[in-house]
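I opened this notebook to record, entry by entry, what I looked up in the structure and what I found there.

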Amino acid sequence: MSGVWVFKNGVVRLVENPPGNEANARRKVLVHIPTNEAITSYAQLERRLAGQGWERYYDDPDLLQFHKRSSVDLISLPRNFAQFKLVNMYDIVVKNRNIFEVRDM
């Protein structure tokens, strides 16, 4: 992941594209490797995750959540696809190795 770790008020967080850092300003996209398809919507992502055994949870109205019965993993995403960030992409990649990857656009 690219960005800068910021420590503020006792909390550490990753700032993905800090101001003035043009190297990190390139746009990234989540790609489904078997089909070489860029993920451009949650409907598309949900279909691909379902194919890998992920099930949708409907408990939290503010998040889209997916769980895999064969593991303790949980993928939590913002409800609005426009708020889908690099950290969310890498969360999916780490939990689905060899199925998804993040690429430069």
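**Entry 1: a polar residue under cover**

I began with Gln-65, which counts as buried at 12% relative accessibility (buried means under 20% relative accessible area, exposed over 50%, and partly exposed in between, with a 1.4 Å probe and protein chains only). I note before going on that this is a predicted model, in which local features need pLDDT of at least 70 and side-chain atom pairs count only at pLDDT 80 or more, while totals for chains, interfaces and linings use all residues. Residues are numbered from 1 along each chain as its sequence is written, and side-chain values use heavy atoms, with hydrogens and water left out.

I placed Gln-65 in strand S6; helices (H or I, at least four residues) and strands (E, at least two) are DSSP runs, numbered from the N terminus. Leaving aside neighbours within four places in sequence, I listed the contacts of Gln-65 (heavy atoms within 4.5 Å) as Glu-55, Arg-56, Tyr-57, Asp-60, Leu-74, Ile-75 and Ser-76. With Ser-76 the side chain of Gln-65 makes a polar contact of 3.1 Å; the term stands for a pair of N or O atoms within 3.5 Å, where within protein one must be able to donate a hydrogen and the other to accept it, and residues adjacent in sequence count only if both atoms are side-chain atoms. I also looked up the C-alpha atoms of Gln-65 and Ile-75, which are separated by 5.5 Å although the two residues are ten apart along the chain.

**Entry 2: two further buried polar residues**

Gln-44 lies in helix H1 and is buried, with a relative accessible area of 7%. A polar atom of the Gln-44 side chain lies 2.6 Å from the backbone nitrogen of Thr-40, and beyond four places in sequence Gln-44 is in contact with Glu-37, Ala-38 and Ile-39.

I then turned to Asn-96, in the loop between H2 and S8, which counts as buried at 4% relative accessibility. Not counting residues up to four places away in sequence, Asn-96 touches Leu-49, Gln-52, Trp-54 and Ile-75.

**Entry 3: the nonpolar core**

Which residues have the most contacts inside the largest nonpolar core? I found Leu-30, Leu-45, Leu-49, Leu-77, Ile-92 and Phe-100, in a core of 18 residues; such a core is a set of buried Ala, Val, Leu, Ile, Met, Phe, Trp, Tyr and Cys residues joined through side-chain atoms within 4.5 Å. Helix H1 (42-50), strand S6 (63-68), strand S7 (74-78), H2 and S8 each give two or more residues to this core, and H2 gives the most, with four. Leaving aside neighbours within four places, Leu-45 is in contact with Leu-30, Ile-39, Leu-77, Ile-92 and Phe-100.

**Entry 4: salt bridges**

I recorded six salt bridges in the structure, each being a side-chain nitrogen of Lys or Arg within 4 Å of a carboxyl oxygen of Asp or Glu. Lys-28 pairs with Asp-104, the closest N and O atoms being 2.5 Å apart. Lys-28 lies in strand S3 (residues 28-32) and Asp-104 in strand S8 (residues 100-104), so this pair ties together parts that are 76 residues apart in sequence. Lys-28 is partly exposed at 25%, and Asp-104 is partly exposed at 37%.

Asp-91 and Lys-95 meet in a salt bridge of 2.8 Å, N to O; both belong to helix H2 (residues 86-95), where their spacing of four residues separates them by about one helical turn. I also noted Arg-103 and Glu-101, whose side chains meet at 2.4 Å, N to O, with Arg-103 partly exposed at 30% and Glu-101 partly exposed at 29%.

**Entry 5: backbone angles**

Most residues other than glycine have a negative phi. Asn-98 counts as exposed, at 67% relative accessibility.
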